[in-house]
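Dear colleague,

Please find the structure below, handed over for your records.

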Amino acid sequence: MTSLSTAAGGPVRVDAARRRSMIASAVGNGLEWFDWNIYVVFTPFLTAALFDPGDPASSLLQVLAIFGVGFVFRPVGGVLAGYLADRYGRRAVMMATMLTMSAASLLIAVTPAFAVAGVGASVLLLVARLVQGMAHGAESTAGYAYIAEIAPAPRRGFFSSTLSTGVLVGSMLASALGWALTGLLPDDAMAAWGWRVPFAVGSLLSVAVLIMRRRMMESEAVTQELAHEDLDAPADPGVRRAVFWSGFRIFWFVAAITIVFYTWLTSASTLATTQHGMDPSAAFASSLVAQAVCVCLMPVAGLVSDRVGRRPVTLTFALGFVVLSFPLMGMISDAPWTLLVAQTVALCFVACGNSMYSALLAEQLPTRYRARTIGIANSLSVAIFGGTALYLNQWLFGLGLQWVFTLYFVLVCLAAAVAVWFMPERRGVELRHV
């Protein structure tokens, strides 16, 4: 057994099954995000390979639009997975999502180029992204509830940080592969086949993760709920109203997390390359260093939230971006050091919001409605704000209105700060008492 000290100084025992399940959940979630985010990292190469090369600007907007369309199916996956996870458990849903995401990544890896298949290449990419969107919505829904439910109550923030760290490591691996491949391969090799490598790698790694997930424990909270509650019985109207307002607040918190994530974490290097003319290899390297700093801060922020509460740590995230978004975005030029500094500062605030993300969401909802409410609120918010972030950013930049996107960014973070302020503080509370 592993021992962690509590906020009061006493030890918290973590048995081997719980620790193994935590690792399997985090690794699998990280791989899901790797598969999802390599699309963003390799956007310039997808644009050149699978769309009409005669109109590069239009092709870039089309590939970003398909990125956004992939978010349309996230609510479908989130709602379906939430219903299944609340009625039949989290584990089976989390195994199914790995297989689905793997198949979609493999499809992208083998999609023929535009020169071979014409518009068929773009159609296959669209199908793959729709499938990935459904799998990603399902994984997020089941995974966020699961990691919080298997955690000891005094260490729920720390456990949640492992899932968030997995997300970030998956994104880092995507950036690392982008940096390595663009540095090692000549341009013609990258255009011909190099961009396919990360999609194939993600598909193959899912086999190992699937084996890990077969040994995961089921959530005890769900097991108890299934054993003692009539899930078909109508809920008390007061409970349903409380769940609705909890979901509404979660929606706005997730909106800020999402728009920050896709602007500063997954696409910062791509935007620096396409908007400011930064060398792609240098942009990937700068982004990788900034992400490494964030990985180191994630568990620290999770532990801090276990000591002082979720609200102060989360407000640091939201209000930090309200104050610093304009200076940080205005700092980036074609010099790699500007991206390194701006992204590192931004990701320090990201660590505050993402570290105990799962814990905060789970603590707002009773077990009976936890997964499905997270599925609806989280997936809708991500679809609306994440699915449009890159497109809006690129479109407004092309019009010379980058400041409009930054203002929009600030207003979403301000709305999240208000939502978090009204969330009940439930640090250390047993989830069965929520």
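S246 counts as buried, at 6% relative accessibility; buried means under 20% relative accessible area, exposed over 50% and partly exposed in between, with a 1.4 Å probe and protein chains only. This residue is found in helix α12, where helices are DSSP runs of H or I with at least four residues, numbered from the N terminus. Leaving aside neighbours within four places in sequence, S246 is in contact (heavy atoms within 4.5 Å) with Q364 and L365.

Please note that this is a predicted model, in which local features need pLDDT of at least 70 and side-chain atom pairs count only at pLDDT 80 or more, while totals for chains, interfaces and linings use all residues. Residues are numbered from 1 along each chain as its sequence is written, and side-chain values use heavy atoms, with hydrogens and water left out.

The largest nonpolar core has 89 residues, of which F253, V260, W264, F317, F321, L361 and F409 touch the most other members. Such a core is a set of buried Ala, Val, Leu, Ile, Met, Phe, Trp, Tyr and Cys residues joined through side-chain atoms within 4.5 Å. Helix α12 (residues 237–265) contributes the largest share of this core, 14 residues. Apart from it lies another core of 28 residues, including F34, M190, W195 and F284. Not counting residues up to four places away in sequence, F253 touches, among others, T314, F317, Y357 and M423.

The count of salt bridges comes to 9, each being a side-chain nitrogen of Lys or Arg within 4 Å of a carboxyl oxygen of Asp or Glu. D86 forms one with R90, with the closest N and O atoms 2.8 Å apart, and both residues are buried. R372 also forms a salt bridge with D86, at 3.0 Å between the closest N and O atoms. R372 lies in helix α18 (residues 367–398) and D86 in helix α4 (residues 73–88), so this pair ties together parts that are 286 residues apart in sequence. The side chains of R156 and E363 meet in a further salt bridge, at 2.7 Å from N to O. R156 is in helix α8 (residues 156–184) and E363 in the loop between α17 (357–362) and α18, 207 residues apart. R156 is buried, with a relative accessible area of 1%, and E363 is buried with a relative accessible area of 1%.

Finally, a search of the whole structure finds 0 disulfides, defined as pairs of cysteine sulfur atoms within 2.5 Å. For C348, the nearest cysteine sulfur, that of C294, is 7.3 Å away.

Yours sincerely

Technical notes. Helix = DSSP H or I, 4+ residues; strand = E, 2+ residues; numbered from the N terminus.
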